[in-house]
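Trainee: Could we go through this structure together, please?
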Amino acid sequence: MRVGLLTGGGDCPGLNAVIGAVVKKGIQQYGDEFVGFLEGWRGVLDNNTIPLTLDTVDGIITKGGTILRTSRTNVRKIEGGVEKCVATLKANKIDALIAIGGDDTQSVTNALIQAGVPGVGVPKTIDNDLNGTDVCFGFDTAVGIATEAIDRLHTTAEAHNRVIVCEVMGRDAGWIALTAGVAGNAHVVLVPERPIDLDHVCKLLKYNHDHGKKYGIVVVAEGAKLPSGGQATVGTKLDAFGHAQLSGIAAALASEIEKKTGYETRSVNLGHTQRGGSPSAYDRMLATRYGLAAIDLVHEGKFGQLVVLHGTKIESIPIAEAISKNRTVDASFLKILDALEPKV
Ligand code: F6P
């Protein structure tokens, strides 16, 4: 078969591991040929391709980013976009398309499937918020980076008797904040799933202060709602999928906390450090398993499906189900935060 491959949306550690696994198994086991579309859906619209061979993918499992590069191109917002993509795939004699991406990318895969394209999906996002899978690759790496950063913030905050508010990624879901916050022994963890009660945050920091620790670490997800309402954004521009650029909640909270408590407070935004660099061993392995399962789906003719992790097993679900809603932090995980919090 001639199989097309693309990576869409924000990059994520492990994308190259998926590409490598798909191409290796496709060529060695099934005798496939591969066409890589560059820069996500833009490459399909513009017919911008590279051949993918065993040589191209050799050793890429260790590398961050994506050898296919990526973009947030929304084909559905472009007039005639779906038809243009269908024409490009036809011109390249593509028998099946594998799209590696989060909910935005998979919403385009779904539109193309409805237009008759045989497509399968692989779930990607460091935010870990794609519905229907227990884990997206990239999340583990992001949590590792954030946890290491929080560990480092403890010592500098303690040395200066400061509060430090650390902003991590997580547009709709607080999985990174929750996991890295708990693992990094943050004193306060704030997620989009819960309104922020600033008085309660300050009480927790004061409790800490009065019990021997004259410093505090607050971890906040970028998408958490400001106590004054809304999310902290940069400008008002929206991307092609209607998302604002989130940033600034840590700085906003730091200034409020300093005002309310009198404790010297700083903020730091970990931003894209969480997305860059080499994937963790866990993500390399998960991404490899996803890639191997995706090329199997293609050869089983199971189009319209997304590979997912359920427990320890790789399975598949309809892409339509995966993009129907976000997987946010549920009550059982929020209870972890409650259980660890002192009674103030
Ligand atoms: O991919 C998801 C994500 O990492 C979000 O957490 C974040 O808000 C967004 O991407 C940032 O995207 P960009 O790199 O396009 O600014």
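Trainee: Which order do the four strands of the open sheet have?
Mentor: The order is β7-β8-β6-β11, with parallel pairing; strands are DSSP runs of E with at least two residues, numbered from the N terminus, and two of them pair if DSSP finds at least two bridges between them. This is a predicted model, in which local features need pLDDT of at least 70, side-chain atom pairs count only at pLDDT 80 or more, and totals for chains, interfaces and linings use all residues. Residues are numbered from 1 along each chain as its sequence is written, and side-chain values use heavy atoms, with hydrogens and water left out.
Trainee: And which strands stand at the edges?
Mentor: β7 (188-190) and β11 (265-269) do; each has a single partner strand, so one side of each lacks a neighbour in the sheet.
Trainee: How many bridges join β6 to β11?
Mentor: Five bridges join β6 (residues 163-168) to β11. Val163 in β6 has Thr265 in β11 as its bridge partner.
Trainee: New topic: how many aromatic pairs are there?
Mentor: The count comes to two, where rings of Phe, Tyr and Trp (its six-membered ring) pair if their centres lie within 6.5 Å. The rings of Trp175 and Phe333 have centres 5.0 Å apart and planes at 80°, so this pair is edge-to-face (planes over 60 degrees apart; under 30 is stacked, the rest tilted).
Trainee: Where in the chain do these two sit?
Mentor: Trp175 is in helix α7 (residues 175-183) and Phe333 in helix α12, 158 residues apart; helices are DSSP runs of H or I with at least four residues.
Trainee: Is Trp175 buried or exposed?
Mentor: Trp175 is buried, at 4% relative accessible area, since buried means under 20%, exposed over 50% and partly exposed in between (1.4 Å probe, protein chains only). Phe333 is partly exposed at 33%.
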